[in-house]
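I opened the notebook to look up two things.

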Amino acid sequence: YEIVDKFARKEIFIDGVLAAQFKAGVDALIETGPSEEELDEYIGRYGDDLLGRALVARGGWGANVDEEAVYPVGRVDAAGDPLSGEHTYRITFPPGGLPPVDAFWSLSVYGDDMFFTAHPSGRYTTGSEDPELVAGPDGSVEIVLAHEEPADARNWLPVPAGPFVLM
């Protein structure tokens with residue numbers, strides 16, 4: 001929060017709250033913040049609670065209520081090891097087995113800091129809106145998560161060279 005530090009040194013106010021107090025409040029929330037269950041009930045419903053909104057934004061930009069979106073998070077593989085671009089992973093949806101949604105679905109790759117990590121491909125997500133996502137001859141859809149581009153890159157979701165998070 002470099003910008004808040006600059007504001008605090010100049011006694012700049014954020015919506016009527018001295019930036020130094022705002023930063024102290026964010027620090028306190030990070031130290032003693034709500035449990036995951038409490039946070040799940042709170043996300044997207046903070047109204048004008050700037051400190052709560054800042055805490056949520058610190059973990060990743062944007063958040064919707066459960067009725068609007070669900071964000072499953074994958075940090076480990078089937079063996080319980082952290083996801084890493086040192087390995088290749090495959091997610092296979094059986095024929096007719098794509099996620100049942102009313103709008104769209106997506107899989108996005110984030111660095112372990114929960115922000116996109118630069119990749120030469122410029123791709124960070126795939127899903128129902130991806131025109132390059134194709135089904136195999138049997139109707140299944142296999143998505144390949146790998147740092148290096150595979151021979152058949154149509155369903156490739158690039159990942160960072162090191163640790164990553166799938167959402």
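I took a cavity as a set of points, on a 1 Å grid over the protein atoms alone, where a 1.4 Å probe fits but cannot get out; lining residues have an atom within 4 Å of a point. The model is predicted: local features need pLDDT of at least 70, side-chain atom pairs count only at pLDDT 80 or more, and totals for chains, interfaces and linings use all residues. Residues are numbered from 1 along each chain as its sequence is written, and side-chain values use heavy atoms, with hydrogens and water left out.

**Entry: cavity.** I searched the whole structure and found one cavity of 30 Å³ or more. The largest cavity holds about 40 Å³, a volume being the space filled by probe spheres set on grid points joined across faces, edges and corners. I listed its lining as Val-109, Thr-117, Ala-118, His-119, Arg-123, Tyr-124, Pro-158, Val-159 and Pro-160.

**Entry: salt bridges.** I counted four salt bridges (a side-chain nitrogen of Lys or Arg within 4 Å of a carboxyl oxygen of Asp or Glu). Arg-123, from the cavity lining, pairs with Asp-130 at 3.1 Å, N to O. Arg-123 also bridges to Glu-132, with the closest N and O atoms 3.2 Å apart. I then checked Arg-154 and Asp-152, which meet at 2.9 Å, N to O. Shared partners join Arg-123, Asp-130 and Glu-132 into one network.

Entry: Is Arg-123 buried or exposed? Arg-123 counts as buried because its relative accessibility is 17%; buried means under 20% relative accessible area, exposed over 50%, partly exposed in between (1.4 Å probe, protein chains only). Asp-130 is buried too. Glu-132 is partly exposed at 43%.

Notes
1 Å grid on protein atoms, 1.4 Å probe; cavity = no way out; pocket = protein on both sides within 12 Å on 5 of 7 lines; lining within 4 Å.
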